[in-house]
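Please read them beside the model.

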Amino acid sequence: MVQDRVFPRCCSLCGEIGPHEDPCPDCVRSLDALLHGTACPRCAAPLMVTAGEVAPTAVGFSLTPCVACLSHPPPFDRVVAPWSFAPPLSGLIHRMKYRRDLAAAAALGRLLAREVNARRGATPPPGAVIGVPLSRRRLLYRGFNHAAELAAIVRRSLGLGTVRGVRIDRRHTPPQAKAESVAERLANVDGAFTIRRWPPDIREVAIVDDVLTTGATASAMAGALRDRGVERIEVWCCARTPLS
Ligand SMILES: [Zn+2]
Ligand SMILES: [Zn+2]
């Protein structure tokens with residue numbers, strides 16, 4: 001295309017300039033290597049499945065939830081977290097989150113939207129796609145909310161609009177990374193989200209964030225949304241950290 005010669009494309013992961021799509025074919029291969037094999041349909045935890053045990057679906061989901069989800073079902077219905085949190089994806093996430101790199105956010109949002117679409121099946125898109133809010137203090141400190149930015153790109157990529165009349169406040173809590181155990185992470189964000197305004201006709205929601213670790217933050221937000229009458233909640237994250 002003439003346009004490509006005038007404005008050559010640049011890979012958002014390795015920076016290589018060329019006539020390729022973004023990311024470049026080499027980076028697509030590195031990303032594909034980070035895709036989870038079979039994962040729990042509820043929390044996206046990678047599952048070790050032996051042949052003949054559970055039939056994995058074409059998109060990498062098992063048909064049966066993991067033991068943790070069966071014994072204590074989380075307040076969300078499904079997690080899409082296609083990749084492991086490792087290079088080169090972790091570098092891209094770092095650039096978006098800590099260096100406020102909007103090109104990195106755009107690339108991550110498009111990649112996430114593509115994977116959400118591939119895994120949607122017959123399920124209609126949710127009525128609202130919203131980023132996990134930051135507390136006022138953290139927002140002032142960071143200057144922007146990467147999750148809201150990511151959610152906006154995902155919405156645009158999926159052809160969905162912004163929902164008006166939503167206000168969710170988040171209380172300031174110590175960073176989740178400082179909490180050592182799963183119990184500490186859950187306690188840290190317990191009651192942290194307050195839904196100030198919610199459109200009563202929105203019954204299906206996708207919560208967007210960069211990385212899912214234990215799912216404590218997503219659970220706290222999903223719990224608050226359930227209390228406001230939201231019936232179906234999905235969590236869409238780029239990466240999932242390995243379970244310890
Ligand atoms: Zn590349
Ligand atoms: Zn699970």
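1. A crossing of two helices is called right-handed if the near helix is turned clockwise from the far one by less than a right angle, and left-handed if it is turned anticlockwise. In this model, which is predicted, H5 makes a right-handed crossing with H7.

2. The axes of H5 and H7 lie 8 Å apart and form an angle of about 50°; angles from 65 to 115 degrees would count as roughly perpendicular and those under 35 as roughly parallel, and the two helices are therefore oblique to each other.

3. On the H5 side the contact includes Leu102, Ala105, Leu108, Leu112 and Val116, which face a set of H7 residues including Leu150, Ile153, Val154 and Leu158. Sorted by class, the residues of this contact of H5 with H7 are 11 nonpolar, four polar and two charged.

4. The largest nonpolar core holds 57 residues, and Leu108, Val154, Ile207 and Val208 are those with the most contacts inside it. Among the elements that give two or more residues to this core are H5, H7, strand S8 (204-212), H9 and strand S9 (232-240), and H5 gives the most, with eight residues.

5. Which residues does Ile207 touch, leaving aside those up to four places away in sequence? Ile207 touches Ile130, Val132, Ala218, Met221, Ala222, Ile233 and Val235.

6. A further pair is formed by H8 (residues 182-189) and H9 (residues 216-227), whose axes are 9 Å apart at an angle of about 40°, and this crossing is also right-handed. Here Arg185, Leu186 and Val189 in H8 meet Ala216, Thr217 and Ala220 in H9, a contact made of four nonpolar residues, one polar and one charged.

Key
Residues numbered from 1 in each chain as written. Chains lettered and ligands numbered in written order. Predicted model: local features only at pLDDT ≥ 70, side-chain atom pairs only at ≥ 80, totals over all residues. Axes fitted to C-alpha atoms, helices over the stretch in contact; angles between N-to-C directions. Helix = DSSP H or I, 4+ residues; strand = E, 2+ residues; numbered from the N terminus. Contact = placed C-beta atoms within 7 Å. Nonpolar A, V, L, I, M, F, W, Y, C, P; charged D, E, K, R; others polar. Core = buried A, V, L, I, M, F, W, Y, C linked by C-beta atoms within 7 Å. Buried ≥ 20, exposed ≤ 12 C-beta atoms within 10 Å, placed from the backbone. Parallel < 35°, antiparallel > 145°, perpendicular 65-115°, else oblique.
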